[in-house]
Amino acid sequence: MRNFTTVNDIGNLQDAVKEAFEVKANHFAYKHLGENKTLLMIFFNSSLRTRLSTQKAALNLGMNVIVLDVNQGAWKLETERGVIMDGDKPEHLLEAIPVMGCYCDVIGVRSFARFESKQDDYEEKIINQFIKYSGRPVFSMEAATRHPLQSFADLITIEEFKTVERPKIVMTWAPHPKALPQAVPNSFAEWINATGYEFVITHPKGYELDPQFVGNARVEYDQDKALAGADFVYAKNWSAYADPNYGKVLSQDRSWTVTAEKMALTNNAYFMHCLPVRRNMIVSDDVIESERSIVIPEAANREISAQVVLKRILEGLQ
Ligand code: AN0
Ligand code: CP
């Protein structure tokens with residue numbers, strides 16, 4: 001594997017999940033693969049899980065790790081070409097990227113949607129420049145439109161907990177006070193569509209996702225109907241995708257919060273969320289604390305998804 005930004009980069013999903021279970025059974029089986037190789041993790045945005053789990057995965061593989069928080073201590077970066085740089089940004093991404101590439105073997109990038117230009121976000125302008133100009137394999141730690149390490153961990157978790165061959169998975173929008181990217185729901189949809197499981201997406205009108213991610217999923221505007229018989233409930237907030245409201249919060253309707261009443265409509269479903277989660281906005285305290293909440297094993301699997309991806313990238317470098 002060279003770069004990892006979408007489900008297409010992972011190849012056969014069953015093989016990837018099998019490899020994940022092997023890695024999980026023995027975290028240190030490949031501890032020499034990363035010897036004398038350096039991972040550089042670049043964060044344009046905050047992170048708890050991605051930061052820790054990806055570092056841990058790299059350490060399990062024997063890699064050295066450097067972490068750069070671009071907004072804390074590095075020069076502010078201009079990202080547009082042609083700008084007269086007389087403002088507050090002393091360095092251009094077009095120098096910064098190849099320079100960063102000089103000091104490492106593999107690069108992970110976190111760069112959320114900025115909501116300044118839908119076209120720039122959906123063309124993945126930032127991470128694609130890393131791929132083009134760094135000279136190194138690049139993987140997404142959540143880019144503008146996708147969060148594939150999260151979706152891979154979500155799939156591993158579903159495979160661990162499912163009790164039927166073809167579970168019903170419901171992804172529900174839930175309210176949040178601030179505008180969040182569509183990356184997590186886009187990516188989750190892309191990965192679940194690739195499994196062929198029964199998949200329903202539910203959200204208020206106006207929160208339709210990009211059709212390329214919705215794919216063959218059933219869209220149901222009535223949350224109660226969507227939840228009926230669900231085996232897994234995947235909650236997430238996202239901002240509007242459709243024009244003219246791209247990146248806007250259209251509703252904070254708390255009747256969409258995942259409560260015990262809502263979970264009672266399901267087939268005793270497991271509750272999932274990528275975290276961080278705002279309690280009593282997205283999900284009630286009792287649901288996230290319940291026995292059916294698998295948010296912690298889901299987060300634990302972030303180490304596994306990152307390790308499979310890093311392992312495959314390192315194998316490509318041998
Ligand atoms: C981010 C998002 O919704 O994309 C990261 C989730 C992993 N969430 C927040 O900014 C709260
Ligand atoms: N789920 C996830 O990516 O969490 P962080 O934003 O804390 O990395």
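Predicted model: local features only at pLDDT ≥ 70, side-chain atom pairs only at ≥ 80, totals over all residues.
Let me begin with the domains. The domain assignment divides the chain into domain 1, which takes in 7-146 + 302-317, and domain 2, which covers 150-298. If we take the centres over C-alpha atoms, those of domain 1 and domain 2 are separated by 25 Å. The size of an interface is often given as the accessible area lost when the parts come together. Here domain 1 and domain 2 bury about 2400 Å² between them, and 66% of that area lies on carbon and sulfur atoms. Which three residues supply more than any others of the area that domain 1 buries against domain 2? They are Phe 115, Lys 118 and Tyr 122, and together they supply 29% of it.

Now to the helices. Two packed helices are described by the angle between their axes and the distance between the axes.

The pair I take up now is helix α3, residues 93-102, with helix α5, residues 125-133, whose axes are 9 Å apart and lie at an angle of about 55°. That angle makes α3 oblique to α5, and the crossing of α3 with α5 is right-handed. On the α3 side the contact is made by Leu 93, Leu 94, Ile 97, Pro 98 and Met 100, and on the α5 side by Ile 126, Gln 129, Phe 130 and Tyr 133. By class, eight of the residues in this contact of α3 with α5 are nonpolar, one is polar and none is charged.

Let us turn to helix α6, residues 148-161, and helix α7, residues 183-195, which pack at an angle of about 45° with their axes 8 Å apart. The two helices α6 and α7 are therefore oblique to each other, and their crossing is right-handed. Residues of α6 including Phe 152, Leu 155 and Ile 158 meet residues of α7 including Phe 188, Trp 191 and Ile 192. The residues of this contact of α6 with α7 comprise seven nonpolar, three polar and one charged.

Finally, helix α2, residues 49-60, and helix α12, residues 295-317, have axes that come within 8 Å and cross at roughly 50°. How is the crossing of α2 and α12 handed, left or right? It is right-handed. Among the residues that make this contact are Arg 49 and Lys 56 of α2, and Arg 302 and Glu 303 of α12. In the contact of α2 with α12 there are five nonpolar, five polar and four charged residues.

Notes. Residues numbered from 1 in each chain as written. Chains lettered and ligands numbered in written order. Heavy atoms only, no water. Axes fitted to C-alpha atoms, helices over the stretch in contact; angles between N-to-C directions. Helix = DSSP H or I, 4+ residues; strand = E, 2+ residues; numbered from the N terminus. Parallel < 35°, antiparallel > 145°, perpendicular 65-115°, else oblique. Left-handed = near helix turned anticlockwise from the far one by under 90°. Contact = heavy atoms within 4.5 Å. Nonpolar A, V, L, I, M, F, W, Y, C, P; charged D, E, K, R; others polar. Domains from an automatic or database assignment. Buried area = accessible area lost by both parts, 1.4 Å probe.
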